[in-house]
Amino acid sequence: MTRTRRVRRGRRTRTRSSGFRLWTSFLVVAFVVSLFAARLVQLQGLDAGSYASMALKEDTNTVVLEAPRASIYDRAGTPLAETVDASMMTADPTYTRTHATQIARLLHHRLHVDYFDTVALLRKPNTRYVRVARHVDPTLAKAVLAELERRKLPGMYIDKDNLRRYPAGDVGSNLVGFVGADGNGLAGFEYALNRQLSGRDGSATFQVAGGQQLPLADNTVVKPRLGTGVRLTIDSDLQYLAQQRMARAVQSSHATSGSAIVMDVQTGQILALADYPSFDPNDIAGANPRNFGSRAVQNPYEPGSVEKVLTFSALIDSGLVGPRTKIVVPPQLVVDGKPIRDYFPHGTLHLTATGVIALSSNLGTVQAVRQISKQRLYDYLRKFGFGQRPNLGLDGESKGILHPASQWSDINEATIAYGQGVSVTAVQMAAALGAIANHGVYVAPSLISGTVDSTGTVTPASAPEEHRVIKASTARKVARMMEAVTGPNGTGAEAAIPGYNVAGKTGTANRVDPLCSCYRGYTVSFGGFAPADDPRFVVYVVIQNPQGAAGGGATTGPVFHDLMAAALAKYGVAPTGKRSPELPIEW
Amino acid sequence: MSSLLDQARAAVRRPVESPARPRLTIVPRVAARAPRIPFVVLVVAVLSVGLVGLLLLNTSLERGAYGVTALQSHADGLAIQQQQLERQVSDLSQPQRVARRAVELGMVQDLTPAFLDLTTGKVLGHAKPGVAGNQFDLGAPAGSVAAHNRARHTVQDAERAHDIARAQDHASRHRAASQQHRAMRHRAAGQHHAATRHRAVGQHHRQKVHR
């Protein structure tokens with residue numbers, strides 16, 4: 001009995017104290033759990049996003065999938081500008097600092113980097129990444145790294161790099177242009193077509209563990225959008241020849257600059273467009289920025305007598321003049337109180353219209369042009385492409401200067417008739433001559449023959465704009481008159497190619513000097529096409545400000561001859577074998 | 001028939017016979033307990049097969065990853081090699097180089113293109129032997145001073161060469177005349193079968209390099 005009681009009492013006290021303990025423990029546990037819960041809410045509810053992204057960052061890796069810049073090709077598909085894989089040598093200065101001189105010496109020998117600059121880079125404080133050498137040949141970079149490893153010189157790494165190369169050097173550099181250090185085009189088509197060529201980089205995101213890609217984890221790949229290449233109409237061989245020939249002509253006449261154009265008559269495609277001086281896109285630092293553009297496209301000038309063939313085209317097409325029309329050429333004319341003379345002194349001459357072209361008489365042209373209204377002449381010149389941008393796809397194309405006929409005074413019409421007081425670019429002039437060569441149909445000149453996608457498929461450019469300017473019969477008559485220029489009595493006998501009928505026209509114009517905004521010096525030019533009775537090519541050559549005894553025939557005629565002969569030979573254009581009957585020059 | 005009925009009756013009757021003596025005995029322990037060892041073996045086997053499988057899978061994936069890396073670097077190397085070769089080709093086919101080679105070989109520019117009509121055997125154009133003075137001008141036109149000077153030299157050199165060559169040319173004209181009518185190029189079949197003359201001395205600066 002006593003035992004029972006004791007037990008009972010004991011049990012009672014135990015119950016009381018255990019209830020207390022239970023309660024306390026519960027509180028403690030509840031408190032701790034509430035702490036955990038609070039933390040949980042904080043982690044999962046409040047900061048969840050940032051932690052998740054931190055975790056994701058820790059084990060995901062994003063790689064940029066580069067879209068290499070597309071190439072620029074010539075008409076045969078040979079690259080004029082291409083992007084090649086290169087390597088970049090980088091360094092972690094915290095490792096390289098101690099043995100910078102040894103590394104720099106090796107790099108100087110192998111990669112030809114500046115020794116002192118390299119040492120400075122390898123010792124650069126407060127950074128763990130410096131670019132030591134860019135655009136390194138990948139095999140060379142690997143060899144250099146292997147040698148560094150062999151010599152136990154750590155801290156150098158290889159990164160991917162791209163290099164824009166211009167394998168042809170200065171051939172077509174006035175059109176192709178170049179890219180800057182950031183890979184964006186700065187001149188020529190590299191600039192004008194920058195968006196098309198560059199494409200857009202893609203990226204690949206994948207999860208990694210211990211430096212290896214997790215095979216079955218999430219992968220996100222944004223495919224790079226590859227750039228679209230462009231195929232030019234340029235024939236590298238002719239282009240090179242034209243550039244070399246222009247260089248010699250400009251240098252030997254001590255001129256400021258010059259341009260030459262070879263154009264396919266039927267398609268309007270420009271096979272060669274040379275500007276001198278030009279530049280080497282592989283050596284931009286050594287180039288003069290004034291030479292970066294294309295003068296033949298950007299710089300308008302007064303064309304001079306080559307324009308006379310357009311004036312006579314208008315006159316003949318209007319039925320006012322024929323190749324044999326007799327014109328009395330006085331020694332001098334006064335229009336609006338201003339005297340007009342010929343470049344050669346003469347008494348009163350009796351020339352045919354052909355003679356006026358062959359001898360390039362200003363006075364004869366002025367006499368003839370009086371028969372046509374100003375508006376009509378203006379309309380013809382517009383149709384020949386004057387005062388309108390040719391839209392070759394380059395930046396900064398000039399449309400020349402052709403004032404509306406309503407603003408012309410009599411002296412304006414007189415001088416415009418022989419190519420003064422009107423400005424054109426070399427491309428406009430070549431295209432205008434092309435209209436006469438192409439049986440009276442103007443074909444817009446073009447420099448782009450098509451686009452090339454990443455698989456190499458060429459999509460031809462849309463057909464050029466065409467319109468008729470003069471009747472085919474007019475074009476034939478004018479061509480025959482132009483043949484007289486390269487005849488034995490003409491001003492452009494130097495341009496004749498034995499065996500071929502060559503139509504041409506010389507031009508010696510007073511040049512507007514931009515420095516004084518006055519006439520100072522000359523612009524000499526020669527334009528024409530061959531074979532005159534079945535034209536295939538237009539060649540137009542212009543040289544600015546030659547010194548000494550220079551004229552359209554003597555200075556630019558031989559250049560025309562060489563380029564035309566080369567084009568005819570290369571494209572296998574045989575002479576037609578027909579001899580055009582000679583037109584009378586005098587009466 | 002009756003025997004069947006009897007049997008059924010007996011079967012119904014039997015429990016009725018026994019209620020007087022309910023027998024409660026201890027149910028013997030179930031002796032046929034499922035043996036433990038096979039089960040353990042099975043589980044262990046399943047586990048180890050799974051583990052080994054996972055290990056193999058992992059290893060093969062890992063090996064694959066290494067393979068991918070190795071092949072990738074091999075492909076990279078080949079791509080670089082291809083690029084280098086393509087670069088060489090494009091460098092070698094550049095007009096400057098071809099022109100220099102042509103001049104080294106003594107070729108001159110053809111300034112009077114003429115053609116041989118294969119159907120009639122007639123020469124189209126004025127066939128004239130090349131003049132050594134028409135040596136191609138190699139000066140770089142990029143516009144730098146150095147290029148300028150180089151170009152000047154070439155002009156002078158060409159002029160000097162012209163004088164020397166004129167004498168040689170005179171002698172070789174004999175030979176050249178006999179080779180004048182060797183056809184060089186003809187257009188697509190059916191068209192104008194024209195071909196330029198191929199001369200010993202005179203040739204325009206470049207024969208088409210096959211690209």
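**Close-up 1. A disulfide joins A:Cys516 to A:Cys518 in this predicted model.** Their sulfur atoms lie 2.0 Å apart; a pair of cysteine sulfur atoms within 2.5 Å counts as a disulfide. Over all chains, the structure holds 1 disulfide. The angle about the S-S bond is -80°, and the link is left-handed.

**Close-up 2. Helix H10 of chain A meets helix H3 of chain B.** A:Ser236, A:Asp237 and A:Tyr240 make the contact with B:Pro95, B:Gln96 and B:Ala99; contact means heavy atoms within 4.5 Å.

**Close-up 3. A:Phe386 sits in the largest nonpolar core.** Such a core is a set of buried Ala, Val, Leu, Ile, Met, Phe, Trp, Tyr and Cys residues joined through side-chain atoms within 4.5 Å. Of its 104 residues, A:Phe312 and A:Phe386 touch the most other members. Helix H17 of chain A gives the most to this core, with 10 residues. Among the residues that A:Phe386 touches are A:Leu310, A:Val424 and A:Met429.

**Reading notes.** Residues are numbered from 1 along each chain, and chains are lettered from A, in the order written. Local features need pLDDT of at least 70, side-chain atom pairs count only at pLDDT 80 or more, totals for chains, interfaces and linings use all residues, and side-chain values use heavy atoms, without hydrogens and water.

Terms used: Axes fitted to C-alpha atoms, helices over the stretch in contact; angles between N-to-C directions. Helix = DSSP H or I, 4+ residues; strand = E, 2+ residues; numbered from the N terminus. Buried < 20%, exposed > 50% of the residue type's maximum accessible area, 1.4 Å probe, protein only. Lists of a residue's contacts leave out its neighbours within four places in sequence.
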